[in-house]
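Have it open while you read.

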Amino acid sequence: MILDGPDYPAPAKLNLFLHVVGQRPDGYHLLQTVFRLLDFGDVLRFRVRPDGVINRVNPLHNVPVEVDLTVRAAYSLQRAANISMGVDIELVKHLPVGGGVGGGSSDAATTLLALNHLWKAGLSRSRLMEIGLTLGADVPVFIYGRSSFAEGIGERLQPIDLPVAWYVVLTPSISVSTKEIFTDFELTRNTKPITFTGFSAGREMSNIGHNDLQLVVVKHYPEIGRYLAWLRQFGDARMTGSGASVFCAFDSKSLANEVLNKLPPDMKGFVAAGYDRHPLFGLAED
C-alpha cells in the first residue's frame, strides 16, 4: 500500500452474450448485451490534495499515466464540476489489460464515483454516466451500478436481476485489438434484435444467445480458442466482450473452484460470484 485510506473496488464485468445488430452511419456498431458485475476486480485508493494536481502515485506495466483512464476520469470530473482540488491515485491492478472484463472502464467509473464523493462535487448518477461515456462505452454501466440489459453502443441500460451464479473466468495473456475485430469483414453485423421482455422470460445461459465477436477473435487469436476448448469440457463456455477472457457459469462456488483447480499450469484464471449491484452504488444519487 502506498496511500492510506479505504479501498474503493472496481469490479470486473462479463458480457453474458453480445449481439451486433447493426451499424450507425458514423461507424459505431449497435449492440445488445447483458452486463453482469463480478465480486472480483481492481482496487483504487485516493488522497485528496488542495493544489489541483492529479497524480497517479504507482507505476503500472502497460498502463502509462497519459492513457490511464483513472487519470483521465479525474480530469474530466474536475472540469465538469469546476473543482479546484486535486488527488493522488493508487491503482492496484488485478484485471488484465484488454481482457474484455472491463478493467479500465471500471477503474474510470470507480474514480468518478469516489471523487464525486470525496470532492463533494454533487453530480447526479446520470451526469456521471454522461462523463463516463466520453471515456468509453463500457464506463456508464459501472456507474449505473446494476446488472443490465444494454442496447445502442452499450449506453442504454435497463436493470435486471439475474440468477445466482459463480463463474470460472480464464484470462489468456493477450490484449485484443477491438478496432481490428470490429473492422473485420467477416464480423456478423445483422443479428436479429431480441426484446428485453423476451430475454427476461428465459435467462438461462442456453437461452441468451452468443457472442458475435467470438469467431472473428478466435481467428485472429488462436490461443483464445484453446482456452475456450478447454473450458467447454465443463459447460457453455464463451468469450466476454471483445476478448480475450472466456468464462463459464456454475451453480455453486465449490463446482467453480473444482474446475479452476483442474486448470493446466500454462493457463490462468479466477473464480468470482455475480453481483447485481455495484459495491459503490450508494456514492451517487439518481
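1. Let's start with Asn62, which sits in the loop between E3 and H1 (helices, H or I with at least four residues, and strands, E with at least two, are DSSP runs numbered from the N terminus). Asn62 has a positive phi of about 70° although it is not a glycine. With a relative accessible area of 57%, Asn62 is exposed (exposed is over 50%, buried under 20%, partly exposed in between, using a 1.4 Å probe and protein chains only).

2. Some housekeeping before going on. This is a predicted model, where local features need pLDDT of at least 70 and side-chain atom pairs count only at pLDDT 80 or more, while totals for chains, interfaces and linings use all residues. Residues are numbered from 1 along each chain as its sequence is written, and side-chain values use heavy atoms, with hydrogens and water left out.

3. Pro59 is also in the loop between strand E3 (54-56) and H1. Its relative accessible area is 73%, so Pro59 is exposed. Pro59 and Val92 are 33 residues apart in sequence, and their C-alpha atoms are 9.9 Å apart in space.

4. Lys120, in the loop between H2 and H3, is another one for your backbone check: its phi is positive, about 55°, although it is not a glycine. Lys120 counts as exposed at 71% relative accessibility.

5. Have a look at the peptide bond between Gly243 and Ala244 too: it is cis, with omega about 15°. Ala244 belongs to the loop between strand E8 (238-239) and strand E9 (246-250).

6. Now the helix packing. Helix H1 (residues 69-80) and helix H3 (residues 125-135) pack at about 135°, and their axes are 10 Å apart (axes are lines fitted to C-alpha atoms, for helices over the stretch in contact, and angles run from 0 to 180 degrees between N-to-C directions). That makes H1 oblique to H3 (under 35 degrees is roughly parallel, over 145 roughly antiparallel, 65 to 115 roughly perpendicular, and the rest oblique). On the H1 side, the contact includes Leu69, Arg72 and Ala73, and on the H3 side Arg127, Leu128 and Ile131 are among the residues involved (contact means heavy atoms within 4.5 Å).

7. How do H1 and H2 pack? Their angle is about 35° and their axes are 8 Å apart. Among the residues making this contact are Ala73, Ala74 and Leu77 of H1, and Ala108, Thr111 and Leu112 of H2.

8. Which residues of H3 are buried? They are Arg125, Leu128, Met129, Ile131, Gly132 and Leu135. Seen down the axis of H3, these buried residues fall within an arc of 165°, so they line one face of the helix (the arc is that of the directions from the helix axis to the C-beta atoms). They pack against H1, helix H2 (103-118), helix H4 (139-144) and strand E6 (156-159).

9. Last, Ile143 in helix H4, which counts as buried at 1% relative accessibility. Leaving aside neighbours within four places in sequence, Ile143 is in contact with Ala109, Leu112, Leu113, Arg125, Leu128, Met129 and Gly132. Ile143 and Thr111 are 32 residues apart along the chain, with 9.9 Å between their C-alpha atoms.
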